[in-house]
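User: Hi! I'm new to reading protein models. Could you walk me through this one?

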Amino acid sequence: METARVLVAADKFKGSLTAVQVAERVTAGLRRVVPDVRVETLPVADGGDGTVAAAVAAGFERREARVTGPLGDPVTAAYAVRGTTAVVEMAEASGLQHLPDGVFAPLTATTYGSGELLLAAAEAGARTIVFGVGGSATTDGGAGMLAALGARFLDADGKPVGPGGGGLADLAEADLSGLDTRLAGIDLILASDVDNPLTGPKGAPEVYGRQKGATEADIAVLDAALAHYASLLGPEQAELPGAGAAGGIGYGALVALGARFRPGIEVMLDVLGFAPALERATFVITGEGSLDAQTLHGKAPAGVAAAARAAGVDVVAVCGRLALAPEALEGAGIRRAYALLDLEPDPAVCMAEAGPLLERAAESIARDFLV
């Protein structure tokens, strides 16, 4: 029997393991049972936090820039470059990770630093920028990003409106004539795992505002402010898929920067070289921290499994928590899922010991499929 050629293409286990660490632990567990197994690792991401790390693991060069954080303080943000392609992750500049514990600024958090990060990528020679959006601390419709690129958002007195989505309630004039021309010739790909519109019942404030600290009153203010903002820039684009991504930064990119929306996992699989890696594999292991209903809507494991199934390659998944029925897994192209909570039912212990538990799960996969 030919030795299996295993491709480990999993996302991070949020709060426990990076995608690179997941791949390392799975490989270690497999080799404990089948020492000569051939393993190729390709950490993946869907455009949210962890996207730059996945690109670096695939051979991109990591770069850093000092940019404006969501609260206005300087932060160090990473991006990745290979040739004339750059991967920019808005969370690196404007993400929740830059907020102190328990501190939120739902009305004033700004995406200004994301605009600065896009400029840094352009200055590095990028002609194509994959703009991964997710994990944001912001709900400003991308106004901060556009301001960093030269747009002016003025109140009735001709003064700049305040930062964040809340400030857009005072918007009287949106002037995009000063937008930096360095982004004009760049193919900007908006990579996201969400397709929400900007406003309304499925819009950015209503669906994602609470996780950024917004009260019900804040959500109403933000929704009205973003609707007003869109009425000045272009209401049609506010309904496009992805306009509501990352607090509406998707809208700003679509309406003013000529971005085109693509599902994040599709873009990232292309950028990371998944197709040739899949051709070399006879078995695929994917996964993420929680396999649940959201997984089926554009998350990394669903994208990996769909591509593998189309190529006729078996796929299993590893996860911390499994909340999908066997039929749902089968429908997604995943033969079986191995959950760490089945090995350690205490969630706190499970997260703390995720690495060793994942190695044990990988041993089970090897015994079930590779021996």
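Analyst: Happy to! A pocket here is an open set of grid points where a 1.4 Å probe fits, with protein on both sides within 12 Å along at least five of seven lines. This is a predicted model, and about 1100 Å³ of space lies in its largest pocket.

User: What makes a residue part of the lining of the largest pocket, and which are closest to its centre?

Analyst: A lining residue has an atom within 4 Å of a pocket point. The largest pocket has 46 such residues, and Lys14, Asp193, Glu288, Gln294 and Lys299 are the closest to its centre. By class, the lining holds 16 nonpolar, 18 polar and 12 charged residues.

User: What does the second largest pocket look like by volume and lining?

Analyst: Its space is about 240 Å³. There are 17 lining residues, with Gly144, Ala147, Val161, Gly162 and Pro163 nearest the centre. They divide into 10 nonpolar, 5 polar and 2 charged.

User: Which residue classes make up the contact of H1 with H15?

Analyst: That contact has 11 nonpolar, 2 polar and 5 charged residues, including Val22 of H1 and Leu358 of H15.

Key
Residues numbered from 1 in each chain as written. Predicted model: local features only at pLDDT ≥ 70, side-chain atom pairs only at ≥ 80, totals over all residues. Heavy atoms only, no water. Contact = heavy atoms within 4.5 Å. Helix = DSSP H or I, 4+ residues; strand = E, 2+ residues; numbered from the N terminus. Nonpolar A, V, L, I, M, F, W, Y, C, P; charged D, E, K, R; others polar. 1 Å grid on protein atoms, 1.4 Å probe; cavity = no way out; pocket = protein on both sides within 12 Å on 5 of 7 lines; lining within 4 Å. Points joined across faces, edges and corners; volume = space filled by probe spheres on them.
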